[in-house]
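Thanks for coming. Please look at the sequence and the structure on the screen, and I will go through a few parts of them.

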Amino acid sequence: MQWGSSAFVLAVVFFSTHASADPVQKSEDIVKFFAGAADLGKSRGICVGTEEECKSKTKAKDTPAEKSSLDMLINFGLDSAELDATARSELDEFAKALKDRRLSTFNFVVEGYTDATGTVHYNEGLSQRRAQSVAAFLTASGVEAARINAIGMGEKNSRSPNPYDPVNRRVEMRIKTQ
């Protein structure tokens, strides 16, 4: 089977509202989701969070039921690129999934984003540090460094119309097959 250049988009969203340190999504579920895609021409996604959080995202975006992203709700402090215990727990599960042989052909770009707090120049640096923080964690967890490219995107592509909304402080991982 030829994988081509089909792309999956995974959004790892950093919120300040997720309270638990237990990962919501287990690595096997992540692997099954992506490895189970027989037709890679169409993107698929899952929401990682409580049922209420996932439903509210679908309603807010006014999108069809089949999502094109995997959202992991993780604590990420204002003006910070440090991963807290919840973030490390969630990303540990994600790293386990990426190390699985069924996903070994996937490479990805880690894109860091910020809200509009701070100057454009400062936010570009902060978004780069956030992306590098996630990439460094994944690499330290055994994901091959050659599979990860960290990029800071600053305030671009906000998820919320309010540029100061914490939902805009996030990291997205765009995964492409080779």
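**Surface, core and one loop**

The accessible surface of the protein chain comes to about 8,800 Å², and 52% of that belongs to carbon and sulfur atoms. Accessible areas here come from the Shrake-Rupley method with a 1.4 Å probe, and for residues only the protein chains shown count as cover.

Before going on, note that this is a predicted model, where local features need pLDDT of at least 70 and side-chain atom pairs count only at pLDDT 80 or more, while totals for chains, interfaces and linings use all residues. Residues are numbered from 1 along each chain as its sequence is written, and side-chain values use heavy atoms, with hydrogens and water left out.

The protein chain has 4 helices and 6 strands. Both are DSSP runs numbered from the N terminus: helices are H or I with at least four residues, strands are E with at least two. In order from the N terminus, the elements run β-α-β-α-β-α-β-α-β-β.

How many of the 178 residues count as buried? The share is 47%, where buried means under 20% relative accessible area, exposed means over 50%, and partly exposed is in between (1.4 Å probe, protein chains only).

Now the largest nonpolar core, which has 23 residues. Such a core is a set of buried Ala, Val, Leu, Ile, Met, Phe, Trp, Tyr and Cys residues joined through side-chain atoms within 4.5 Å. Phe 108, Val 110, Val 134, Leu 138 and Met 173 touch the most other members. Helix 1 (27-35), helix 3 (85-99), strand 4 (106-112), helix 4 and strand 6 each supply at least two residues. Helix 3 gives the most, with 6 residues.

Take Phe 108. Beyond its neighbours within four places in sequence, Phe 108 is in contact (heavy atoms within 4.5 Å) with residues including Leu 98, Leu 138, Ile 148 and Met 173.

Next, helix 4, residues 120-140. Its buried residues include Arg 130, Val 134 and Leu 138. An α-helix has 3.6 residues a turn, so residues three or four places apart point the same way. Just after helix 4, Gly 142 takes a positive phi of about 105°.

Last, Asn 162, in the loop between strand 5 (148-152) and strand 6 (170-177). A polar atom of the Asn 162 side chain lies 2.9 Å from the backbone nitrogen of Tyr 164. Asn 162 and Ala 116 are 46 residues apart in sequence, but 8.9 Å apart in space, C-alpha to C-alpha.

Notes. Polar contact = N/O pair within 3.5 Å; in protein donor to acceptor, adjacent residues only side chain to side chain. Expected span 1.5 Å × (residues − 1).
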